[in-house]
Every structure is written in C-alpha cells, then in structure tokens.
Amino acid sequence: MPKSTKSIIEVKNLTKVYPGGTKAVDSVSFQVREGEFFGFLGPNGAGKSTTMNMLVNLVKKTSGSVKIDGFEVTEHADEVYKRVGFAMQEVGLDEVATAREMMELHGRLYHLQPAEIKEQISKLLKLVELEKVADKFTSTYSGGMRRRFDLALSLIHKPKILFLDEPTQGLDPHARQLIWGHIRELNRQGMTIFLTTHFMEEAEQLCERIAIMDKGKIVTIGTPDELKKKHQSKNLEEVFLKTTGSNLANEEVNENASDPYIRARR
Ligand code: ADP
Ligand code: MG
C-alpha cells in the first residue's frame, strides 16, 4: 500500500516552560505523516517525554500549536483522545485487576459496544501473546509482560496514532524483540507510530524518520540514511554522539525530572 502524504501530527513552535522556569521544549516544529514510523531520540532530559506528553495533551503546552489529525489538541481534546493511544513512562498499572478486567473497563471508558470490547480483547491479547494469563492479576506479570499488556491496553479503542515513550526500557533483549515485533506489525497494518527510545540500532532499523532532540530543540531530522549522510556517520549512534551533548550534570540536580531512573534513585 503506498504511503499517505497527509500529515497526521503537525507541531509548530511548541514550547514548554515548567513552573520554576525550566524550558524543557524550545520552539519545536515538525510533522509526521499518516502511517509513518517516527522515532524521537535524545539524551536524558532532552525534552522528549515533555514533547510527547504535550502532543496528547497530558502536559499543557506553554505556547505553539499541535494538531492531531487536524484537531488542535487543547481545543478539541476529546477528538484527540479518540484518535491516540499511549503507553507512557509515567503510567502505572492497576494492581488488583486482571488483564481482561482492565481491558473491559478501558473499553467501556471509550464507549465501545460490549461485543466490540470482547473482540478487541481477544485480538489484542493474541497480538501481545498474553492470552494464557488474561485472567491473572497484572501485578503478577514480569516487566516484559507488563509492557506488552500496557501496549495492548493502549490499543483498545483502535487509535490511529500510537505514542510510545521508551516502550522497551528496562527489558531484556528477548522481551525487547517481542515488543518491537508487535509495534512493527501495528505499523504494517497502517498505524502511525511515534516513539522515543534509547536503542539506536532498533531505531535505525524500524523508524522511517528520526528526530534527534537535545536541550529542548530538534538538532537534526530525517530518514536514517539522510542523517548518516548529512553527519558523515556510519550508524545512528555516531549521528547521535555528533549532534547531542551530555546532559548528565543536568539530570542529577533537577528535582522534578520525570525520568524514571532519576525518580527511582531518589
Ligand atoms: P526526556 O524525556 O528527553 O528525558 P523530559 O521531557 O523528561 O526529557 O525532561 C526535559 C526537562 O524538563 C528536564 O530538564 C527535566 O528535568 C525537566 N522536567 C521534566 N518534567 C518536569 C516537571 N514535571 N517539572 C519540572 N521540570 C520537569
Ligand atoms: Mg523521557
């Protein structure tokens, strides 16, 4: 199927200044095409999560505009929520429910019909290979199973665009491969994927286009081949190292950082 040329995400001069004064995102502009597999890379503290959260209206933007499938996020939040699924770093799973129960609840929250909910649950649990544990408490799941369940849950309402914030962080290579496979399959079926990751090799293989962010700005954007050519690098990791600085000092001292590694150390 030929790829659409329609922009499904349109971001213009998007800026976030957190209370306290940190300018996490500094006038960022880019577009993502319908059906595209788009990757967002950058060092810790670059502003990736903040950007992604503003795209789905989970964090309020300070200025600039975001359109999702033509709808301005702050003006038409309901239309946006219908169209997006998200599996975020911050989202926790309910500990005292089974996977099936949670999916049923989410289906009802999105006003799906009971038959549709049932159909989606069986389709999605199959997709992420969790059918056998559908009736077990999610609190008993391993890290990899939780990520896969989180992915299934984010898809219950058949979103057009899937937002994933570090979907494979903290997983072993095997669990990681499984998740990447599922995401690739969703994209193959036509879903637009917007993801942040630290895994360069996978990003290089999976993403059609990549934006690299550093200190709140997009420092370079293009297809993996374009980026390697432009920055005279043999792989994406080299592009990354050439275009970004280290933010380590920064993340150590910021009390409000949303990175889970930083929070876990507190
Ligand atoms: P990334 O996802 O690329 O690691 P973030 O978007 O989490 O980056 O963070 C960008 C910057 O904004 C960092 O300096 C971080 O410490 C800061 N930040 C993130 N969340 C908050 C918050 N809730 N309040 C204040 N500052 C924040
Ligand atoms: Mg982040």
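At 8% relative accessibility, Leu153 counts as buried (buried means under 20% relative accessible area, exposed over 50%, partly exposed in between, with a 1.4 Å probe and protein chains only). This is a predicted model, where local features need pLDDT of at least 70, side-chain atom pairs count only at pLDDT 80 or more, and totals for chains, interfaces and linings use all residues. Residues are numbered from 1 along each chain as its sequence is written, chains are lettered from A and ligands numbered from 1 in the order in which they are written, and side-chain values use heavy atoms, with hydrogens and water left out.

Leu153 sits in helix α5, residues 143-154. Helices (H or I, at least four residues) and strands (E, at least two) are DSSP runs, numbered from the N terminus. From Leu153 to Phe86 the sequence separation is 67 residues, yet their C-alpha atoms are 8.9 Å apart.

Helix α5 has a partner. Helix α3 (residues 99-109) packs with α5 at an angle of about 25°, and the axes are 10 Å apart. Because of that angle, α3 is roughly parallel to α5. Axes are lines fitted to C-alpha atoms, for helices over the stretch in contact, and angles run from 0 to 180 degrees between N-to-C directions. Angles under 35 degrees count as roughly parallel, over 145 as roughly antiparallel, 65 to 115 as roughly perpendicular and the rest as oblique. On the α3 side, the contact is made by Ala99, Met102, Met103 and His106; α5 brings Phe149, Ala152 and Leu153. Contact means heavy atoms within 4.5 Å.

Leaving aside neighbours within four places in sequence, Met103 is in contact with Ile117, Ile121, Leu124, Leu125, Phe149, Ala152, Leu153 and Ile156. In the largest nonpolar core, of 45 residues, Met103 and Ile193 have the most contacts. A nonpolar core is a set of buried Ala, Val, Leu, Ile, Met, Phe, Trp, Tyr and Cys residues joined through side-chain atoms within 4.5 Å.

Four strands form an open sheet in the order β2-β1-β4-β5, with antiparallel pairing. Two strands pair if DSSP finds at least two bridges between them. At the edges are β2 (23-33) and β5 (71-72), each pairing on one side only. Strand β1 (residues 7-17) runs antiparallel to β4 (residues 63-68), and five bridges join them. Val11 has Val66 of β4 as its bridge partner.

Helix α1 (residues 48-55) packs on this sheet, touching β1, β2 and β4, and its direction makes about 120° with that of β1. Helix α1 is mostly covered, with eight of its eight residues buried. Among them are Lys48, Thr50 and Asn53. After α1 comes Asn57, with a positive phi near 65°.

Edge strand β2 also holds Asp26. Asp26 is buried, at a relative accessible area of 18%. Neighbours within four places in sequence aside, Asp26 is in contact with Leu14, Thr15, Gly216 and Lys217.

Finally, the whole chain. The protein chain has 11 helices and 10 strands. Of its 266 residues, 51% count as buried. Among contacts between residues at least 6 apart in sequence, 67% join residues at least 24 apart.
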